[in-house]
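Here's a quick briefing on a protein with a ligand. Have a look at the model first, then we'll go through it by topic.

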Amino acid sequence: MPITKIIQVSTEHPDADKIQYAVGVLHAGGLVAFPTETVYGLGADALNAEAVQKVFEAKGRPSDNPLIVHIASLENVQQFAASVSEKGLQLARRFWPGPLTLVFQRKINVPNGVTAGLETVALRVPDHPVTLELLRQFKGGIVGPSANVSGKPSPTSAEHVYNDLNGKIDLIIDAGSTTIGVESTVLDVTVDPPVILRIGGLSKEDIEKEIGEVRWTNAIELLRRSPGTRHRHYAPHARVILFAPADEEKFRQFIQQNKAQQKKVGSITYSKVLAGIEQSSFHVILESSIEHVARNLFKALRELDRQEVDVILVESVEEKGLGAAVMDRLRKAALHNG
Ligand code: TXA
Ligand code: MG
């Protein structure tokens with residue numbers, strides 16, 4: 001069991017010595033949690049099959065769920081991808097660094113553990129000064145699933161990582177809370193039109209403005225292309241129940257029903273009208289901007305879990321822009337528990 005060390009690194013002025021220390025841990029085959037603009041990732045040397053295996057063990061991640069490889073820039077793509085489509089290249093130029101993961105044909109040198117045996121590899125350049133510096137100094141690819149125990153909400157702070165993985169990883173680079181708060185959008189650009197495998201920090205609308213039509217996958221196709229998506233995800237211990245935006249009547253009704261059954265009730269709402277209803281035991285009220293909701297959603301779910309509530313009532317958001325990613329995570333949380 002490693003002792004998990006935490007080092008604080010300033011986002012504005014990343015300390016080169018601290019980064020160099022993290023690089024050493026990665027070269028030695030260790031596990032390093034790192035910040036990104038979306039969520040914290042659990043890093044290991046992408047070309048070290050043994051280190052990659054440790055990532056799966058630390059997270060309790062099913063081995064059929066492939067990992068994203070983080071790279072410093074577009075120039076590193078050819079280390080991992082055998083071919084790059086025109087649209088893939090165009091998107092990488094436009095949105096990297098940023099919350100977009102592109103799925104390309106893999107190169108043969110990528111360990112099977114990374115790709116879960118698929119013929120493709122997922123690549124992303126994260127938009128975070130600390131991790132970009134880490135990637136530049138490391139000079140290779142760093143795998144980075146979200147740094148949570150598999151199935152739990154992704155970590156948006158070093159504290160979340162520590163709560164999930166203390167004693168299982170070597171190092172946490174703490175650079176404060178992440179800004180976007182939901183994971184990257186995963187887009188398969190080996191096909192035309194490209195296919196969204198996971199909606200996230202970059203909206204479908206923004207992608208389509210750049211390259212025209214992209215497709216959503218149906219469930220069966222998604223399983224074939226991205227096997228990991230069938231696993232339990234984003235779920236707190238408590239049962240998650242969604243209700244329509246500003247539906248005061250439903251909200252009251254759910255509170256009463258659950259309280260009548262002696263359930264401890266938590267809630268997450270945004271509407272002003274709902275903020276006044278103080279009947280739930282633990283009420284997280286977020287500002288209604290979708291950026292704020294996305295940034296604080298996983299934190300709110302984790303906080304309510306800590307209060308050991310039995311159910312979490314969550315107000316839905318409008319399904320456009322970042323709202324599509326928020327609703328995707330909420331639906332999965334609601335589907336997989338209770
Ligand atoms: O924002 C993010 O993407 C974060 C940060 C740390 O970069 N990472 C992240 O990784 O969310 P993870 O492992 O939690 O989610 C990766 C997703 C999974 O749904 C996985 O199935 C999919 O990407 N994926 C990875 N490689 C793939 C591939 N070759 N083909 C299809 N899907 C792939
Ligand atoms: Mg994850």
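**Around the ligand, a helix and a loop**

S7 gives the shell around ligand 1 its largest share, four residues. Bear in mind that this is a predicted model, where local features need pLDDT of at least 70, side-chain atom pairs count only at pLDDT 80 or more, and totals for chains, interfaces and linings use all residues. Residues are numbered from 1 along each chain as its sequence is written, chains are lettered from A and ligands numbered from 1 in the order in which they are written, and side-chain values use heavy atoms, with hydrogens and water left out.

**The shell around ligand 1**

- There are 26 residues around ligand 1, and Thr 38, Arg 61, Asn 65, His 70 and Ser 184 come nearest (being near takes a heavy atom within 4 Å).
- Strands S4 (68-70), S7 (120-124) and S11 (195-198) each supply at least two residues of that shell; strands here are DSSP runs of E with at least two residues, helices are runs of H or I with at least four, and both are numbered from the N terminus.
- Sorted by class, the shell has twelve nonpolar, nine polar and five charged residues, with Gly counted as polar.

**Polar atoms facing the ligand**

- Arg 61 puts a polar side-chain atom 2.8 Å from an oxygen atom of ligand 1.
- Ser 146 has a polar side-chain atom 3.0 Å from an oxygen atom of ligand 1.
- Gly 144 uses its backbone instead: an N or O atom there lies 3.2 Å from a nitrogen atom of ligand 1.
- Ligand 1 taken alone exposes 680 Å², and the protein buries 97% of that (areas come from the Shrake-Rupley method with a 1.4 Å probe).

**Thr 36 in its loop**

- Thr 36 sits in the loop between strand S2 (32-34) and strand S3 (41-45).
- Its relative accessibility is 3%, so Thr 36 counts as buried (buried means under 20% relative accessible area, exposed over 50%, with a 1.4 Å probe and protein chains only).
- Its side chain makes a polar contact with the side chain of Thr 38 at 2.8 Å (a pair of N or O atoms within 3.5 Å, one able to donate a hydrogen and the other to accept it).
- A polar atom of the Thr 36 side chain also lies 2.7 Å from the backbone oxygen of Val 39.

**Helix H9**

- Phe 251, Phe 254, Ile 255 and Asn 258 are buried in H9.
- Down the axis of H9, the buried residues fall within an arc of 100°, so they line one face of the helix (the arc is taken from the directions from the helix axis to the C-beta atoms).
- Glu 249 and Ala 260 are exposed on the other side of H9.
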